[in-house]
Amino acid sequence: MKPKNPREIASHELPATPLDAATRAAREEKIQVAMIALCGCWGCTLSFLDMDENLLRLLEKVNITRSSLTDIKRIPHRCAIGFVEGGVANDENIETLEHFRENCDILISVGACAVWGGVPAMRNMVPLEDCFREAYLEVPTTEPRAPKRIPWHPDIPIITDRVYPCHEVVKMDYFIPGCPPDGEAIFKVLDDLVNGREVDLPTQINRYD
Amino acid sequence: MSRKLVIDPVTRIEGHGKVTVQLDENNRVTDARLHVVEFRGFEEFVHGHPFWEAPMLLQRICGICFVSHHLCGAKALDDIIGAGYASGVEMLPTPEKLRRLGHYGQQLQSHTTAYFYLIVPEMLFGMDAPPEKRNVLGLVEANPELVKRVVALRKWGQEVIKTVFGKRMHGIASVPGGVNKRLDARERDRLLKGEPGLLSVDQVIEHALEGVRLFHNFHEKHRREVDSFAKVPALNMSLVDEQGNVDYYHGRIRIVDGNRDTVAEFDYHDYLEHFAEATEEWSYMKFPYLRSLGREAGALRVGPLGRVNVTRSYGDNAPLAQAELERFHDYTGGKANDMILHTNWARAIEILHSAELIRELLEDPDLLEGPLVIEPGEAAWTGEGVGVVEAPRGTLLHHYRADAQGAITFANLVVATTQNNAVMNRTVRSVAEAYLGGRAEITEGMMNAIEVGIRAYDPCLSCATHAMGQMPLQVTVQDAEGRVLDERLR
């Protein structure tokens, strides 16, 4: 964990309007799920919405805590399921994935990037220093007289040397392949877990492209 | 004592962002920034790949506007084989209309996702509502019937995409010079007339109108708050047709000022003469601007607000959206609208506009018959192409070069969210000054106001981080007081 600047105040630690007691109680009875998108395209999160009407069915049984669809910035309490999209490409991704591992009973790698790095891992084949130069220094849209800069600042994460699949960083319990997996496949896995069934992803809804 | 407030991560947006606000000992805002904290990069690692793979690989930049990346790439490939606008070749009617159909389907689903799932919760519950409530879960609890209609609307947009491109996401229909399949009558009728579990296009238009009404109801109740929230003047940019009306798939780039007068108009193949980009150390996202006006005056706004400020009208094929557009233009007396929360109004209008454009296209027989591909022959090969489309978030550009064997040797992408970088940062500053400036006690709700300003742009920070490379690895060891004990660089 990066040393925390004592003068830095996070918005999620500030006083917030509390959720009414009845809604809170109703949500607490449900199965708690946390979601995160690491280094990916957000497509698997949208594929989650692609379960269409089944989303409403799922939400009868499930409460979503931290996710990029809510404003809950850290996992607030123990969760049964962690839904992880994207691979690991910077030091913050590592920190976030470890936070998920510590706070979730089951972690699922959702989609090609989480499962094996996906398209972003194509950068593992390229000498990285050259790429950085190409991205920020030798760009045709850079003004010749402008200062030459590569982003580097305490407020932004450090990029890792390679893009890693999630299971090379922490233990992952289930894997849903696909770029992205169909909403139907995501629903099937979550529905199996929520109903205490053994996870079974039939080949006709499993895909790799 | 001075303070630094942080939003980490910014939520209900696509991709990874962070906000920092510096307040001095008198609680004045001395700095406010939106940092893009992600760095992926595609331009370099597509080198050496066959040119025809580019639209398949590069659409993986984004899970919400993949069709725009796919089509931008397709237009660049048309140029490369000598079947594109750069060679003066007009696309055949059937493939152009199929590409447009998929593109409008995507605008409908992308805007629906952003507007209803990410933005509407504030409109219904308020910026300082409980954070646990300001989201789709809160919507389901408060108004499940609305959510059912939203799910159905988004599903229909995704089914339009799937019908054209073969998959709901990251499809494969575009090939150099055209597309690889037509619609059949059954596919077309399903979208036109609906089926059990799928809306008809007329129902889609009804749901889209509901989205616009939702904005008006909210606006009527909170007019002063909405209109004064953040006013950020900037140039506005869009692709336009010969009449000066927005064309989401093809046209010339037009840039207008606050009076909606044109300050620049050009063929997008000449973009390098017009755009420059700056880099800051504190963000992986670059800052583009209009070269002739410089970084401050040349900052551009793209996306729904930029487009409705540029377009003269929607023509006569989308009467419902046209009526809304006139109301929008009248509200500011014909001047450009720079009220940031009105971007959400513009977005709702564009959902309606997309639905009407789709209805018109679905009735067009060219979708079902006609040649699919232009094959100009090897002699026409140019080896270079530029594609531009109006993606949901604004003007998107892909530029590739390929060698004689067809391997990619160069790729440059300028994405919509990056174009908005300067105006988004101005918005963050403006909201921070209004909501945090001079206040000793800061609440979570005040910080959320900053996020509301960012969400109005519906930024896709996944898109904005396509550039890739490696940080020089620097390790700094600090003691508890933050003193640097040791620093290594390699």
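Me: How much area do chain B and chain A bury between them?
Reply: Chain B and chain A bury about 7800 Å² between them, and 59% of that is on carbon and sulfur atoms. Buried area here is the accessible area (1.4 Å probe) that two parts lose on being put together, summed over both.

Me: Before I go on, what are the ground rules?
Reply: This is a predicted model, where local features need pLDDT of at least 70 and side-chain atom pairs count only at pLDDT 80 or more, while totals for chains, interfaces and linings use all residues. Residues are numbered from 1 along each chain as its sequence is written, chains are lettered from A and ligands numbered from 1 in the order in which they are written, and side-chain values use heavy atoms, with hydrogens and water left out.

Me: OK, how many residues of chain B are in contact with chain A?
Reply: 95 residues of chain B are in contact with 77 residues of chain A. Contact means heavy atoms within 4.5 Å.

Me: And how many salt bridges between chain B and chain A?
Reply: There are 16 between chain B and chain A, counting a side-chain nitrogen of Lys or Arg within 4 Å of a carboxyl oxygen of Asp or Glu. One of them pairs B:Lys155 with A:Glu53, with the closest N and O atoms 2.7 Å apart.

Me: Which helix gives the most to that side of chain B?
Reply: Helix 5 (residues 144-165) of chain B, which puts six residues on the side touching chain A. Helices (H or I, at least four residues) and strands (E, at least two) are DSSP runs, numbered from the N terminus.

Me: How does that side of chain B split by class?
Reply: You get 40 nonpolar, 25 polar and 30 charged residues on it. Ala, Val, Leu, Ile, Met, Phe, Trp, Tyr, Cys and Pro count as nonpolar, Asp, Glu, Lys and Arg as charged, and the others, Gly among them, as polar.

Me: Switching topic: how is chain B divided into domains?
Reply: Domain 1 is 4-9 + 14-37 + 430-489, and domain 2 is 92-228 + 340-356. Those bounds come from an automatic or database domain assignment. Their contact takes 12 residues from domain 1 and 14 residues from domain 2.

Me: What area do those two domains of chain B bury?
Reply: About 1100 Å² between them, 56% of it on carbon and sulfur atoms. Two salt bridges are counted between domain 1 and domain 2 of chain B. B:Arg134 and B:Glu444 meet in a salt bridge at 2.9 Å, N to O. Helix 16 (residues 444-455) of chain B has the largest share of the domain 1 side, seven residues.

Me: Which residue of chain A does B:Arg134 meet in a salt bridge?
Reply: A:Asp71, at 2.9 Å, N to O. That pair crosses between chains, with B:Arg134 in the loop between helix 3 (93-125) and helix 4 (136-142) of chain B, and A:Asp71 in the loop between strand 3 (62-64) and strand 4 (79-85) of chain A.

Me: Now the backbone. Is the peptide bond from A:Cys179 to A:Pro180 cis or trans?
Reply: The bond from A:Cys179 to A:Pro180 is cis, with omega near -10°. A:Pro180 is in the loop between strand 8 (174-176) and helix 7 (183-194) of chain A. B:Asp8 and B:Pro9 are also joined by a cis peptide bond, with omega about -5°.
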